[in-house]
Structures are given as C-alpha cells and as structure tokens.
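Reader: I would like to learn how to read a few features of a protein model with care. Could we take them one at a time, with the general idea before the case?

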Amino acid sequence: MPDVKDKPAASSTGGNDPRATPAMRQFYRFKKEHPGCILLFRMGDFYETFDEDAVAIHKALGVTLTERTSGIPMAGVPYHAIDGYLRRLIEQGFRVAVCDQVQDPKEARGVVDRAVTRVLSPGALVDESLLADDEANVLGAIAFLGVESEPGARAALALVELSTGAFSILDCPVESLVDELVRRGVREALYAETADGEMPPRIKRVLDGAGIPGAGRPAWHFRRDEAFEAVTRQYGVASLAGFGLRDDDPSIPAAGAIIRFLRETQSPDGIPESHSQAARTALRPLAHLSPPKRETGADFLVIDAPGMRALEIERTVRGSATGEDFSLVGLFLRAGAGGGCRTSMGKRLVREWLRRPLAQRAAIEARHACVGMLVGDRRMLEAVGDAIDGVQDVARIGGRLALGRATPRDLSALGRSLARTERILDALRINAGENAFGAIVERLDAARTALQPLADDIGASCVDDPPSHLREGGLFRDGVDDELDEARTLQRDASAWLASYQRTLSEQHNLPNLKVGFNKVFGYFIELPRAQAQRAPDAFRRTQTLTNAERYTTPELKTFEEKVTTASDRAIAREQALFDALCARAGANLREIAAFAETVAEIDALRCFAAHAARRAWTRPQMTDEPALDIEQGRHPVLESILADGFVPNDLKLGANGGAAPLALITGPNMAGKSTFIRQTALLVILAHAGSFVPAHRATIGVADRVFTRVGADDALHAGQSTFMVEMTETANILHHRTGRSIVVLDEIGRGTSTLDGLALAWAIGEFLASDPQPRTLFATHYHELTQLEELLPGRVQNLHVAVREWPPGDAHAQIVFLHRILAGRTDRSYGVQVARLAGLPREVVARARELLDSLAVSHEGRDAQALKESSSRKKKPDDAGQLALFREFLPHPAVEELSRVEIERMTPLEAFDALRKLRGMVDGAGG
Ligand code: ADP
C-alpha cells in the first residue's frame, strides 16, 4: 500500500522544490545523520533510495533507476525481500542505514514518523541471515601510535565480533598491521579521518593491503581522554584495572572509538517497534560486549599473510573442481564420517585456532591432553559428540538478546541448548580417571548452576517449534499464564459459540437456512436467503445486501465480536509481554550465556580434532622448548585425505635433537614433491600448535614463535607489483623478523629474475638463514649450486632431495618416475628436460634441449659452483673472470661486487628494494 501521506504536495510546501516536501526533508535529515551510509527509506511497500544512493544501488543490485519527481533519481527494493538485498550490499562493502516507519500511517498527521532502526556495515552484523555460521565477523579500529616513519613505530588495534560480543585489543608494529587484519579476519576497519574528512594515506595503504573497506570517524573519537571516557562509561567503571588493563594502555584510543561507533549504530533507539519499550530499556546498550581482553604477541604463533594464503589455511589458492573445501580449516569443517564440528560455535573456534595457534607450551599441551583423552576413549568421544549435537548458536543468540533482536526461535533454541548441559557434563565425566577436561567441566558446571532456572523456565513455557515472529503469537504453551489462557479460550470457543448461536436463532425463528458467518471487512454477520428476508425478526439490523441474500447483525453478535477481536489482540500483546520478560531475564545472564557458549565451542573444537585424529591415525606431537623438529613418517594433512594410501610419508629432522642442521636445502625435479613436503611440514607445526594431533608416525616439535612462508608466485594477489618484487618483499620480511624459534619455509627463491641474479640471491639468503639466530628452515630450490652450502657451513645446512627413478636407467630417452620420497643428500641432476617431455613439449624441442644441455653441462661443470664456494669461504667476490662460467659473457659483473657489500640485516624492506633495484639496473645496463 503506497504511503499516500508522503506524496509530494507542491501547494502545501509553498513552492515547487521537490526536495522540500516533508518526506524528502525527513530523508535528507537521516541522510545527514548517517554519513557514508546508503539510506534505505521505507515508503509503503518499498525501501526507496534517492540521489547518489539510488545510482549506487542501481549499479550494485541492478534494480531499476527511476525518478521520484524530475531531477531526483530514485531506486527501490520491495520491503519483504530486504534481507537478500542487504546481504548483497554488505558483501560489496557498503554500509547501510535502514529507515523504517515507526508509526501507523493511519495515525499519522502529516508525514509519518520514521527512525533509523538499523545501521549495517560489513564489520558489524548480528542478523543470522547476514552472517556465515562458521566464521567470525570482526570489526576493527586502527590507531597509529606515534609517528609512522620512526623505526619501531606501532599501531593499536581494537577488534569486536558484534554478534557474540567478543572484544580484544592489541598493538603491533606498523608493518605487521596488514598481517594482523588478515589473520583475524577483520571485515571492516574504523580510522580517524583527517580534518577535511579524508582517509589518511597510511590508512589507505593498510586497508588496500588487507583488501577491506574502512569507515572514517571523527579524529576526536580516537583522542585518549575521550576514548577512555567511552570505555569506562560502557562498563560503568572508573578505572580499567579490574580488567587487567592499565588506564594508559596504548590500545585505549582504538577501543574507545570502536565502542563509540557501536553505541551510535546499534543503540536501542534503533530496535524496531515490534519490540516493546520494556525490551528496549531492559538492556543497557551493547550489554553483551565483553570487557576488552589484551592480547600479546607472545601468546600466539604468528603466521604471516603470505603463509595464510600459500599454506591454504582457510581457502585454497584455486577453487576445487567439485567445490569441496580442501583448505586446512575445510578439513575439519567438512562434515562426513563422524568428522566435522557439531556446532557453529565449534566451527568458528577451529577456524580461530588454526588462524592463530598457541605459542605457549603449557597451553598447547593442555589441548593435546584433552584430544588425547577423547582419542583414547571412543565411548567418551561419541558420547561428547552426541551430547553437544543440537546445541544451537548460543553465542550469537546472546548477542541478539543484548541488541533486542532475538526472535521466539532464538529463545526456544537457547532453552533447548542450555538443557543439554547435564548430558554434556555426564559425557565429560564418563572416564573416572584423571580428567584432562577438569577445567572445562568446572566452567560448564558453574554455567549450569547459573543458567538452570532460566533453561527450566524456557523449557516449561515455550513450545518446541515456535513461530519465527510473534505477529500471530504461538510461542507460549497453554497453562503458562492465566491471562493468556483466558484470551485464548475465548478465541478457541468462538466457533462453538457461533454454531450454538446459529442453532438457537434458526430454531427460535424457524429459519432453517439462517447462517452465521465471518468476513474480514464486515466482521461477524447473520445471513438469510433473499426469499426469507421478509421473515427476519425486528432485532436483526440489516448491514449488507447481496444478490441472493441479506446480511444482518444483532447487539448480541456485536458484543461477541468485540470480545473475540480484543481477545486475539490481548493474547498477542500478552505473549509479547511474556516474551519481553523472558528475554530480559535471559539478558540478565549474558555473561553466563557467553561462558556456556565458549565452553561448548571449546569442547566441540577439541572433539573435532580428536575425531579427525582417530579417523586418520594422527599422533600426539611431543612439544619441547628446544628449537627442534623431528618428524617420522609425516604426511600432508589435506593431500592424505585425497590420495589416501597413495600418499608417501616422509621423515625430517631439523635442529637441536641429534644435532641435525637446522636448514634443509631440498632439491629435486619439478613435480617431485618438494612443495608438498615443505608445506606439509609447516602445516604439521601449525596443527600441533593449534592443539591438534598431527599426521605423522611420531613428531617432536619445538615450540615456535612464527611460521614464515615464501611460496609460489601469486602476483595476481598483489596488483601493481612484479612477481620478483613480491618475492623479495616477502623474503626481506622473513630475514628481518626471523628468530631462533621461527620456522621458515622457502620455495624457489630467485625465480623471478635472471639465473645469475637468482642464484646469487638464493645463495646469499641461504647463508643468511644459516647464521645466528638460526631459524628452522626448509628451502626448496632448483639451484643445485646451493647444495654446496652443506659442506661450507657444516652443522648448519643439510641437503635433502626427492628421489626419482629413471627408466630405463641411463638411457637418453628414459622416463622418470616420481617416488615422492625425501632422502638425505643432493639430487644428481635436475631432470627438467624429462619433466618438460612429460608435459608434452614437441619431440624436436625436447631433443634440441637435450643437445643444448649436454654442451652447456660441459662448460658449466664444476666451475660456477667453485666460484661461489670460494666466494663463500672468503665472503668476497670471485676475483677471476674465468669463474662462474655458467653464463661466461656476463662476467665479471659489478652487480656481484655490489651484492657482497649489501648488509641485509641492517636494511629496511624499502632500502632492500632500493638495493635490489640498483642491482637489477646494473644487470640490465650491462645486458642491454
Ligand atoms: P614440486 O614442488 O617438486 O614441483 P609438488 O610438491 O608440487 O612438486 O608435487 C607434485 C605432485 O606430486 C603433487 O600434486 C602431488 O599430488 C604429488 N605428491 C607430492 N608429494 C607426494 C607424496 N609424498 N605422496 C604422494 N604424492 C605426492
């Protein structure tokens, strides 16, 4: 029904300005109050947008662009389909303010009252339909601490998952901001805009790097005093000491700004009319927001952003043909044969654990102990799974309760979920011995004590299959409330009363064809066929004439009608009041509900790890404080699930235990399995730190601080940078930040440049990684020359190679067979030509390549390697132009001399880049 009252009334506005009608003035007021948002303005059955918003949604959603009156672009979407459109707008990074009619248009004098009831942005969502159940949706706020250009400059981050109320703060070096945002899955970030409302360039760099939208906020929101005030007011405290925070914590500006943003956009004024005033005032704003938890880098194993991508932690680089998720997270979320998480909360936590594994041995071992207990006792594993099956997303239900957006289904799901606590506790206590779940049991028990009465009440008063909204009632059981029962009895008895009334009238007046009926427009009526109309008694008052019948009413029928309609209104109002009261009660227990949710999530995640370990015969890793890595029969966690028995397990020994050199150089032909091997090792380390068992026969893993990865050439992901530049930037980051506790995984360094450049760089990087503090490193390379490092740096470098078999052996046209087995020592040749033949290069090209290879090998043999070796032992450039004979015409080259002067350890990434550019320039200059 179009909202007639909003039609422009040129005469009453006193002019012809179409922007000055009352409705449009209202629109512009809201538009001004919500800068940066698309304003969806409810008019009758549509949400309309105007001006540039209309153009934007026309482009984003493909809805028709029209004009309201000439000169005002307009585009709208039907109100009943709003959720789908909202989802698409949010996915595209828009922020949206939804403006509803908050008054019955029938009651409006002049323009109908409207209010912005919801502000949605990619980082701040609570509605189930807009959220992925297996992934947190995080909003961030960024504040720079001090001057960015100063060395060691830091930035503060505040992170809120609005749907569950999780809130954490941290600070980190400015250069790892992008990594932090990516690793934590931040969807949108708030920042202080400049005085003229612009995005500062340093923010733009960070947001572009992380590929997320930002929302500018007034700079004063980030000022220390104002921010401190916002935080203390939110929690009603005078100091933050109670949260374990100093009042001058560097992250407070970010924390205050995020709270201010959320209070502005999620305030209870924005709760729809359908929620009663009681529900709106029962809850203080953002009641579910937990106090900010400070995180320090030392607690977590840091995986850099290239590693997240290259190791395919959350998603595969290329999608799979079947649409199946072959990422590490996907391995645990994919349901199937008892695997997979049982609850959405568990799914989100597994993702979280794999994104940010632990870095404290005791905490890691506590998780291993729980997993171990479940793996060792299948009865318990099954019982725990059955017990938490059916626990709903209580974490997000708590959030919706706090924000006044809970539905009848939420409330009933909360009750059913809480009611499972006893069963979960029983399952966790199945095993009478020492219980690794002790702390978890204690927490769950405490939550049960606090929540049992609520669970009982919900269970006793709500039906099992409630309606999705309360418009027609139906949430509460009969017998719960006298007033509700009475109103319902009246409604139900109506048909019996009508039947008996019809019988009485027809007998009394001898009118066998008399009928009593109901229709929506005229209400209850008595109907007589036209032929009998003259016999209608005086008490009947005629209300309507039809072709063949007359309709009447009586005072008695009128009274009845009033009673019934008010009864139905009364019943619905009563249910709303009961619902509000129950929501308010649940709302008083938000902390305990959150604790219950967290505990169940933890149990589910541990159970999921255990189920997978049991299914695939994974083993408990032995954690140690030594920087060692000792893996027997390790497998790739994802590939083994695809190849099953076809996967060839491999051993690895790095560092400390048994004196194995910490740096392994891995050579072997393409396709032999080098990448797989080094990735599987990184994944094993990550799994172990996340608390999972690992795919290996036995594994001893020294606790690590970071996993660095430099793998493959995914330059498409870094628009505007060359492959080589990406490779070097990532490598520079590793060289600057590696410690003696880090794990470094390098695949093919120096591929993006000329052979000689590449070899020189790979060699220098290898040497550097073999110096103190020496990280545990896996370095896959096709530069055979590098294998000499083993001899040059004994105890620091070891050679590994992937075995292949040539068949028939020694034959010029031999085929190669990949054995995928990693062995000590270096590979004898590169087999590049054989692999090229496998790939289907034309016969004559392969033959010619073989010919060339033979002649090159003669001049190559022993000489270039010799040069590097000498240079390495003397740490200076080769002095004889006859050495490094691989590409004789390039020598002697000043670039090598220049390179030997490069002090990588003292360089910033930018300086490293400059040096590289210079080197590259020298090479190009000489070549051209
Ligand atoms: P490289 O890095 O040496 O070029 P990859 O690691 O990419 O080789 O491996 C090539 C292919 O060999 C992979 O797609 C994989 O299917 C297979 N493969 C690798 N390692 C193994 C293994 N240990 N067992 C079975 N198949 C393997």
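Author: A polar contact is a pair of N or O atoms within 3.5 Å; within protein, one atom must be able to donate a hydrogen and the other to accept it, and residues adjacent in sequence count only if both atoms are side-chain atoms. This is a predicted model, in which local features need pLDDT of at least 70 and side-chain atom pairs count only at pLDDT 80 or more, while totals for chains, interfaces and linings use all residues. Residues are numbered from 1 along each chain as its sequence is written, and side-chain values use heavy atoms, with hydrogens and water left out.

Reader: Which backbone oxygen does the side chain of Thr787 reach?

Author: The side chain of Thr787 reaches the backbone oxygen of His784, at 2.6 Å, and a polar contact of 3.3 Å joins the side chains of Thr787 and Arg826. Helices (H or I, at least four residues) and strands (E, at least two) are DSSP runs numbered from the N terminus, and Thr787 lies in the loop between β25 (776-780) and α26 (789-792).

Reader: Is Thr787 buried or exposed?

Author: Buried means under 20% relative accessible area and exposed over 50%, with partly exposed in between (1.4 Å probe, protein chains only). Thr787 has 3% relative accessibility and therefore counts as buried. Contact means heavy atoms within 4.5 Å; not counting residues up to four places away in sequence, Thr787 touches Leu665, Thr667, Asn799 and Arg826.

Reader: In what order do the four strands of the open sheet come?

Author: Strands of a sheet pair through backbone hydrogen bonds, either parallel or antiparallel. Two strands are taken to pair if DSSP finds at least two bridges between them. Here the order is β14-β15-β17-β16, with antiparallel pairing. Because β14 (515-519) and β16 (541-545) stand at the edges with a single partner strand each, one side of each is left without a neighbour in the sheet. Between β15 (residues 523-529) and β17 (residues 549-553) there are four bridges, and Leu528 has Glu550 in β17 as its bridge partner.

Reader: Which residues have the most contacts inside the largest nonpolar core?

Author: A nonpolar core is a set of buried Ala, Val, Leu, Ile, Met, Phe, Trp, Tyr and Cys residues joined through side-chain atoms within 4.5 Å. The largest has 118 residues, and Leu354, Leu414, Leu428 and Phe437 are those with the most contacts inside it. Helix α21 (residues 590-616) contributes the largest share of this core, 13 residues. A second, separate core of 31 residues includes Ile169, Tyr235, Leu245 and Leu403.
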